Amino acid sequence: MKKKLVLFTLFILPIVAYLFFATGVNSFMFLPTVTPSVPELGSWTSLDGKPVTLNDKITILGFTGDNILDRKGNFFNLNQKIYNKNKDFKDFQFVMLAPVGTESQVKEILGSLDDITDVSKWFFVFASKEDIKAYYDQLKLRGELDVHYGSNNVYIIDKKRNLRGRKDKDQYKEGYDTSSPSDLYNEMTDDVKIILAEYRLALKRNNAQRKI
């Protein structure tokens with residue numbers, strides 16, 4: 001019994017305290033599943049021709065649309081408010097689904113981001129607009145893609161490919177508006193912290209010796 005108490009004090013209690021203080025005004029201690037088991041990305045490839053997987057990754061998933069350069073500010077908001085704070089965590093990645101034909105726009109965005117950060121965990125994956133729409137529909141969200149087959153929203157996908165968000169009786173949130181720095185700073189920052197802390201706790205329980 002004493003040994004269990006010591007283990008709780010050393011490992012569990014600090015994580016609980018971290019969750020409490022890190023989440024600020026957010027009262028959530030657990031981030032509910034909005035859509036379970038979202039599909040894998042299949043055979044779609046990134047700029048370097050390599051496949052990208054959601055399995056065993058904490059993923060921020062987005063849909064660029066074919067007007068990527070018009071959303072340039074959104075990518076910088078996301079980079080500054082979320083990516084830079086969490087890019088050093090193992091198994092954390094950003095995946096953006098982009099229509100085939102937008103490769104040059106993506107290269108320009110990545111080039112601009114590369115001037116201010118390490119872009120090694122930014123992945124742009126290319127597919128036809130029809131395939132992107134079909135994939136989005138499988139997420140079973142309330143929102144819709146716009147006429148450019150994109151969205152200002154990004155989504156949190158956990159390591160088991162569950163789309164996570166808020167389903168409190170007073171608030172439903174499936175995505176985070178990248179055009180709104182306050183949405184990213186106040187709500188998404190809190191929710192990403194919860195997901196990362198959840199996996200830290202799992203690793204502590206398993207006596208893991210590595211970072212997420």
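Helix 2 and helix 3 cross in a right-handed way, meaning that the near helix is turned clockwise from the far one by less than a right angle. Helices here are DSSP runs of H or I, at least four residues, numbered from the N terminus. The model is predicted, so local features need pLDDT of at least 70 and side-chain atom pairs pLDDT 80 or more, while totals for chains, interfaces and linings use all residues. Residues are numbered from 1 along each chain as its sequence is written, and side-chain values use heavy atoms, without hydrogens or water.

Back to the pair. Axes are lines fitted to C-alpha atoms over the stretch in contact, and angles run from 0 to 180 degrees between N-to-C directions. In contact (heavy atoms within 4.5 Å) are Lys 72, Phe 75, Phe 76 and Asn 79 of helix 2 with Ile 109, Ser 112 and Leu 113 of helix 3.

Next, helix 5. The axes of helix 2 and helix 5 cross at roughly 25° and come within 10 Å, so helix 2 is roughly parallel to helix 5. This crossing of helix 2 and helix 5 is right-handed. On the helix 5 side, the contact includes Tyr 185, Met 188 and Val 192.

Where does helix 5 bend? The bend is at Met 188, by about 35°, taken between axes fitted to the seven residues ending there and the seven starting there.

How values were computed. Helix = DSSP H or I, 4+ residues; strand = E, 2+ residues; numbered from the N terminus. Parallel < 35°, antiparallel > 145°, perpendicular 65-115°, else oblique.
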